Each structure stands twice: as C-alpha cells, then as structure tokens.
Amino acid sequence: MSNKKNDKRDNAALFVQKVLKIFHVKVSNKTEDLLIQIFKFGIVGVVATLIDFLFLYIFKEFCHFPIVVSNTLSFCISVIYNYYASVKWVFHINHEKDARRQFVIFIIFSVVGLLLNDLIMWVSTDLFHIYYLLAKVVATAIVMVFNFITRKLFLE
C-alpha cells in the first residue's frame, strides 16, 4: 500500500482526505488507501469511458462498422489507456512480480471484460433493441466492477 508521505503529494489523495475530514469520517489507513485507490480508479475509468464512447461513436456513425465490431475496437483503444494509467497511477504494482506476467494477466482480464461487454451490447441491442449508447452505459458499469476487482486481486 501507499504511505502517507506519497499520498500527501498526490492531489487525488489530498481530495479524498479532505472529503473525509469535511464529513468527519475517520477510517483506518488501510481503508483510506482503498478509498483513494477507488477514487483514482474512478477518474481513470471516466477518461477510459470517454475514450471508449468517442471511438464507439466514430466507428459506428462515421465508419459504419457493425456495433460489435465498433464496440470491440473502441474497447481495445480504451484498454491501452487504462493499462497505462492503472499501472502508473491507480494500483500499487508489486515490482517483485514479473512485469510481462502482470501485463498478460491484465490483457487476459481485459479480454474477458471485452467479451462480457460485447455480450451485453449484443443482447441489449439485437435482442432487446435498446439504443446502443444506452446499452453501452449498462455494459460499462458492469465491466467496471469486474475490472476493479480483478485488477486489485491480480496486479497488486
């Protein structure tokens, strides 16, 4: 986990610490570290989601690719950003572990997330005829929880 000295230089950590203080919430250092990590994961997730939605829209509306193809391509682009940001900023990577192994694990779980995302998109749009951008919101929310849990368990 991170130590307090590193957290104090991190604006996201400062923000979480100030929010806890404003609401007079006292938590253990371990819980505070987890809340900071979840907050950072949320920021990275929002940016990755914007990237994902932007490219989904571009591929669907301008390139006229099928929804699942558009979704797969946009998801892959956002995963590249997400990996970089997650390793550099969100998760406390265990540097004693093999970096290649961690990347392979990240990719494997990203592919599982992609398959889950594609399945939700296909079921929502083809079977239930839900507007593709609304379906993407549902898929993103479900896959986000999956991503945090798997990355927390296997990257740290």
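Mentor: From the N terminus on, the elements run α-α-α-α-α-α, with 6 helices and 0 strands in the protein. Helices (H or I, at least four residues) and strands (E, at least two) are DSSP runs, numbered from the N terminus. This is a predicted model, where local features need pLDDT of at least 70 and side-chain atom pairs count only at pLDDT 80 or more, while totals for chains, interfaces and linings use all residues. Residues are numbered from 1 along each chain as its sequence is written, and side-chain values use heavy atoms, with hydrogens and water left out.

Trainee: Why is H3 called roughly antiparallel to H4?

Mentor: Helix H3 (residues 29-62) and helix H4 (residues 67-90) pack at about 155 degrees, with axes 8 Å apart. Angles run from 0 to 180 degrees between N-to-C directions, along lines fitted to C-alpha atoms over the stretch in contact. Angles over 145 degrees count as roughly antiparallel (under 35 roughly parallel, 65 to 115 roughly perpendicular, the rest oblique), so H3 is roughly antiparallel to H4.

Trainee: What makes aspartate 10 and lysine 40 a salt bridge?

Mentor: Their side chains meet at 2.4 Å, N to O. The definition asks for a side-chain nitrogen of Lys or Arg within 4 Å of a carboxyl oxygen of Asp or Glu, so this pair qualifies. Aspartate 10 lies in the loop between helix H1 (4-8) and helix H2 (11-22) and lysine 40 in helix H3, so the pair ties together parts 30 residues apart in sequence. The whole structure has 2 salt bridges.

Trainee: What makes Val68, Leu119, Trp122, Leu127, Phe128, Ile130, Tyr131, Leu134 and Val137 a nonpolar patch?

Mentor: Patch residues have over 30% relative accessible area and no salt bridge, with nonpolar side chains (Val, Leu, Ile, Met, Phe, Trp, Tyr) joined within 5 Å and like charges within 9 Å. Together these residues have about 880 Å² of accessible area, by the Shrake-Rupley method with a 1.4 Å probe, where for residues only the protein chains shown count as cover. H5 gives the most, with 3 residues.
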